[in-house]
Amino acid sequence: MRSVQTPLSRRALLSGALGTGVTGAALLGSGTPAGASTSALAPAGLQVTGSTRAFALGDQRSASLLSTGDLATVGVDVDGGHMVGVTFPSGASTDTISVRVRTAGRDWTEWRDLPLNDSEPDPGTAEGRRSVTASDPLWVGALGTGATVQVRLPRADVHDAHLQLVDAGESSTLARSTLSSPQTQGTKASPRVLPQPAIRTRAQWGADESLRKGGASYSDTIKAVVVHHTADGGTYSQAEVPSVIRGMYRYHTVSLGWSDLGYNFVVDRFGGIWEGRAGGITKPVVGAHAGGFNADTFGVSMMGDFTSVAPSAACLEAVAQVIAWKLSLYGLPADGAAHLTSAGGGTARYAAGTTVKLRTVNAHRDVGFTACPGNVGFTRMDAIRGRVAQLLSGATTTAIDAKYAAVGGAAALGGPTTPENDTPGNTGSYRFYSGGAIYWSSATGAHTVRGAILQRWGQLGWEKGMGFPTTDDSPAKGGFYNHFQGGSIYWSPATGAREVRGAIREKWASMGWEGGPAGFPVTGDGVARGGWFTHFQGGSIYYSAATGAHWTAGDIRARWAALGWENGLGFPTIDDTRTPNGKGWYNHFQKGSIYWSPSTGAHAVTGGFRDTWASLGWENSFLGFPTKDEYSVDGGTRIEFEGGVLSWARSTNKITVKKK
């Protein structure tokens, strides 16, 4: 890539158009927030009712209704429902499951084989630990009252198996509008991107956001896409598509224990593209679509079973459209290579830790032991790659210009004040506007940075200091933030813009970011003697390689500071912790401890005094809490407690205990 003209100094740009302090920060609140999107994690305004019921097959009176060899057929009488599946305890090895249904006044359907679900979260994640063994779900349409579902499975598995019956709820009132991204003509600095195809939102298929478990997880970037099929029979009508997606969503979250719908995008047989997993359609959201390879990939699933029937032309075109658009956002070619490291797992084709060279556009069976996306579907992969390449060749808008349009153009960022230029070393591209800047790299995509956060990032060395932004500037609880490759910058009116990095940032995140007891950072990351620290509104986090990152606040922190911070007692080895009796708080440091209670205040106990006190039972002993720090007396030192005194004699080098 090359610059279209000699770029202006970015430091000069800061001092000119953007201003500093609160004036610059105020720009963050103008127009549409750059972090806002139709894929926001807030619950959608439109909710559609539904339900999930589980029937223990071993409890059904008709469990031995039919049997053939080692197989048993279990009948379950049900009222209502649209989708069925079978779940087992995690680790079950069954692979023979068939289902048929009979609705009131009709004959039995044909037996339909249900393969075990071959999509899964990565092992070791909270989502992966919740996951259970299950069949793929099967859409059976509205069963009505007086229906029967029969499940045929190995007799040995009947006792532990559950029939999952999903009622997808009503969908007749769902909105039919689509999303689109306008495009503008730009320069040649960043890669050309495609306009966003029409993608129907989660609200449009009626996602009940209360079913999701926690927020979205994100990779650092996108390197590849994995194409799937849902393995459903594909008999749904166009009007039923939202119901089918809602059924899969309920099955994945309620029956399988996943955090959300496993796929990032779902494409129906009529060519409709639907937003799947929440978190932002442009972002590298980690799905549960390809066990072992969910990081740095996104999943597109075709709704149907393409074992012997080909996907429709409309479906294939929509798959190519959404893949080409998403690849263009990250500057990826259709025929490129991706190096991905497997996280392992039951369906992963490669062991954990194995780095594999794959294509940019893959079938699920390329990364997992599965027939997905079906034998006939797999034969269409080269056609999909070819169409993606054709679409990418026609891209006319740069990633930065596309981002500018997506966040609201001049209404959000003002007019451009520079051309689009390469960053030093050609690691990415940027463009400044009167209200901020957009930076792009192939690893992060294009993101906005504005106001005081932009100024602070510049002071830290731009992308050379903290790396490229990985999010837009987004609202925090009382301020704004940007995440970068090397940390985060948070701003509030009371604290200004401050950086937080490394293990200190991880600790702060685990405490709830600015919404937790720490509040916003009031300093950047500072150098301590042998480590690092950041002060926050509510306390401090200190880090050293020997102790890790730990939190201290209030009177304990004040006493530690009075004793010289890490130069006195050393670094904290734990967080501030409530005493077991609930009467106070304490923190252990490398060279001693500080204990606090409302009646005694905060005092330090070190060395042999601490060892003796600990041997007696700490504050639960007759000594109680310390009431003074150690002090010198004739011939030694002493420390006083609520219930007694510890004294050390220099002549004997011994500690004596005296009750009050």
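**View 1. Salt bridges of the predicted model.** The structure, a predicted model, holds 17 salt bridges. One of them joins Arg277 to Glu127. Their closest N and O atoms are 2.6 Å apart.

**View 2. A network of salt bridges around Arg202.** Which residues are linked here? The network contains Arg202, Glu209, Arg212 and Asp260. The side chains of Arg202 and Glu209 meet at 2.9 Å, N to O. Arg202 also forms a salt bridge with Asp260, at 3.2 Å from N to O. Asp260 lies in the loop between α5 (241-255) and β14 (265-267), while Arg202 is in helix α4 (residues 202-205). The pair therefore ties together parts that are 58 residues apart in sequence.

**View 3. Buried or exposed? The charged residues Arg202, Asp260 and Glu209.** A residue is buried when its relative accessible area is under 20%. Arg202 has 3% relative accessibility, so Arg202 counts as buried. Asp260 has 4%, so Asp260 counts as buried. Glu209 has 8%, and therefore Glu209 is buried as well.

**View 4. Helix α6, from residue 313 to residue 329.** This helix has 17 residues. At 1.5 Å a residue, α6 should span 24 Å. The C-alpha atoms at its ends are 25 Å apart, which agrees. How many residues of α6 are buried? The count is 13 of the 17, so the helix is largely enclosed by the rest of the structure. Just after α6 comes Gly331, with a positive phi of about 65 degrees.

**View 5. An open sheet with the order β29-β30-β31-β32.** The sheet has 4 strands, and their pairing is antiparallel. Strands β29 (526-528) and β32 (548-552) are at the edges, and each pairs on one side only. On average, neighbouring strands are turned by 30 degrees against each other, direction ignored. Look at β29 and its partner β30 (residues 531-536): 3 bridges join these antiparallel strands. Here Ala528 stands opposite Gly531 in β30. Strands of a sheet pair through backbone hydrogen bonds, either parallel or antiparallel.

**View 6. An open sheet with the order β33-β34-β35-β36.** This sheet has 4 strands, paired in antiparallel fashion. Which strands stand at the edges? They are β33 (577-578) and β36 (601-605). Each has a single partner strand, so one side of each is left without a neighbour in the sheet. For β36, 5 bridges make the join to strand β35 (residues 592-597), and the two run antiparallel. In this view, Ser597 stands opposite Gly601 in β36.

**View 7. A nonpolar patch on the surface.** Which residues form the patch? They are Leu616, Phe622 and Val657. Together they have about 230 Å² of accessible area. Val657 is placed in strand β40 (residues 654-659). Its relative accessibility is 40%, so Val657 counts as partly exposed.

Key: Residues numbered from 1 in each chain as written. Predicted model: local features only at pLDDT ≥ 70, side-chain atom pairs only at ≥ 80, totals over all residues. Heavy atoms only, no water. Patch = residues over 30% accessible without salt bridge, like charges linked within 9 Å, V, L, I, M, F, W, Y side chains within 5 Å. Areas by Shrake-Rupley, 256 points an atom, 1.4 Å probe, with all protein chains shown as cover. Salt bridge = Lys/Arg side-chain N within 4 Å of Asp/Glu carboxyl O. Buried < 20%, exposed > 50% of the residue type's maximum accessible area, 1.4 Å probe, protein only. Pairing = 2+ DSSP bridges. Axes fitted to C-alpha atoms, helices over the stretch in contact; angles between N-to-C directions. Expected span 1.5 Å × (residues − 1).
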